[in-house]
Amino acid sequence: MPDKNKLPIVYVRGFAGDTEGIDKTVKDPFYGFNEGSTHVRVGAGNVPSFHQFESPLLRLILDEDYKILVEGGQDAYLDTHDSIPSNSIWILRFYDVSATTWGAEPKKFRIEDAAADLLTLIDKLREKSGATHVHLVAHSMGGLICRCLLQKVLPDAGRDPADCVDKVFTYGSPHGGITFDAGFGLFEKVRDATGLNGAEVFGPERMYEYLTPTSDHDPQGRPPDWRARDMPERDSTHPKVFPRSRIFCLVGTNPKDYDVAFGLSAAVVGAHSDGLVQIENAYVPGAHRAFVHRSHSGRYGLVNSEEGYQNLRRFLFGDRKVEATLADCRLPSIEGTTWQAEVRLSVRGLPIVMHEQTAEHWCPVQLPSSGALADVPLTTAFLCSGLRPHGSDTTMRYALQLRILSLREQRGFLSFGDHLEQTADFDDTLVVDIGEGTWAAWNSLIPGTIRSHEPSGTSLQDEDTRAGTWVANIPLPASAQPILGEQARIRLTVTRWT
């Protein structure tokens, strides 16, 4: 039976490059969303560990009862059926008209045309499924096509994007464009001037064209302070703007496994990237995001990874949003000292880390060192209560590791006189159990192994009187007080997520 609580999912793939790349892409019936991965990493006891990921397409079919509907093609299926189930997956085949393999004259690819085709598909899916909205799932440039739809195509048509799109999930999308560590800006200028293989779509001038509604377009060209990755907040001033709170950006932090051009791309883009997109360019400020140690694509890539899928599944189908904040911290103001936090989020039962921000991966959380009280967001997680095993008396368990590090400089250079490499000033893990109640305990205070730990005592109490919001503050261990201050704590805020 069709699940009316599920919405159609539209997958929008990334950049294919030149004509040869486009022709190769269109041969795949699902534009790569069906690609899984098998690989080996070093496991316990230094023994190689095999891992097989079936692909996001197959996992959504198996785990969430989604369907792929094809009769000679998905377009043909839509044209020959008056109704379709809402729990279905659809591929935006925007590259087909630009391929030479069909015998027709190929059409030059344009982001705006792909976004217009996406709107046509969305309207048809809503009409034939009865669903009010769809979910958009995009890789790389596909995220820019989705943003062109939300920020230009729909506003130009006088439509509110929030009326037809529910959630947007992007894998490694260059929301801020693609820039390079090498070349001092020369590579970007050559790319944007020549339009080599259509790659100018990742430059600021072209991005301004397709991300700006006609009514807001400056006839003098891109304003100097315009940033591609910024999206306006939905408010009374911008009532028809897609809310950033409905966007999730998965950010890759592993350039080493991106082997395009024999590793040249990763070398030019730099270590602060997934091999193609720099970390700071891979998310929209104000949107939800998670950092995972995966590359832009390939067998260790974001899309065909367990990390990517588990974040996708919980964002689309979760029922709770949990925000963890380092609240009221007061770090010592020491001249020449920079404070950073490292954060990892793990979920019991999963073989991967859901979120990982570390200095080693070039993405630690920067902490204020002004000596004033401050709140620092650490991570946002989405929970699926339905993923808890039926009949199980175990709680849902999450582990949030927090490390605080200090870096000292003298005359602009790191001081190594009393430095201990990769050694944190504070390092502990908060273990959170959610069942009939919610319990939290620091690993340093848990006797024995975390595995054998059973929550006990009074569960955390709601400290917020507002309906639909649950808040609890967990004091930090005494060892953290000299660093973070006596008032510092972890604040957990839980709200409903639909």
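I counted the aromatic pairs and got 21 in this predicted model. A pair here is two rings of Phe, Tyr or Trp (its six-membered ring) with centres within 6.5 Å; planes under 30 degrees apart count as stacked, over 60 as edge-to-face and the rest as tilted.

I looked up Phe94 and Phe109: centres 5.6 Å apart and planes at 40 degrees, so this pair is tilted. Both residues sit in the loop between strand E5 (88–91) and helix H4 (111–129), 15 residues apart. Buried means under 20%, exposed over 50%, partly exposed in between, with a 1.4 Å probe and protein chains only.

Next I checked Phe315 and Trp497, which also make a tilted pair, 5.5 Å centre to centre with 35 degrees between the planes. Phe315 is in helix H9 (residues 306–317) and Trp497 in the segment after strand E20 (489–496), 182 residues apart. Phe315 is buried at 0%, Trp497 at 7%.

I then followed the ring pairs: they link Phe169, Tyr171, Phe248, Phe315, Phe382 and Trp497 into a cluster.

Last, charges over rings (NZ of Lys or CZ of Arg within 6 Å of the ring centre and within 35 degrees of the ring normal). Lys167 has its charged end over Phe315, 5.8 Å from the ring centre. Lys6 lies over the face of Phe317 at 5.2 Å.

Local features need pLDDT of at least 70 and side-chain atom pairs count only at pLDDT 80 or more, while totals for chains, interfaces and linings use all residues.

Conventions:
Residues numbered from 1 in each chain as written. Heavy atoms only, no water. Helix = DSSP H or I, 4+ residues; strand = E, 2+ residues; numbered from the N terminus.
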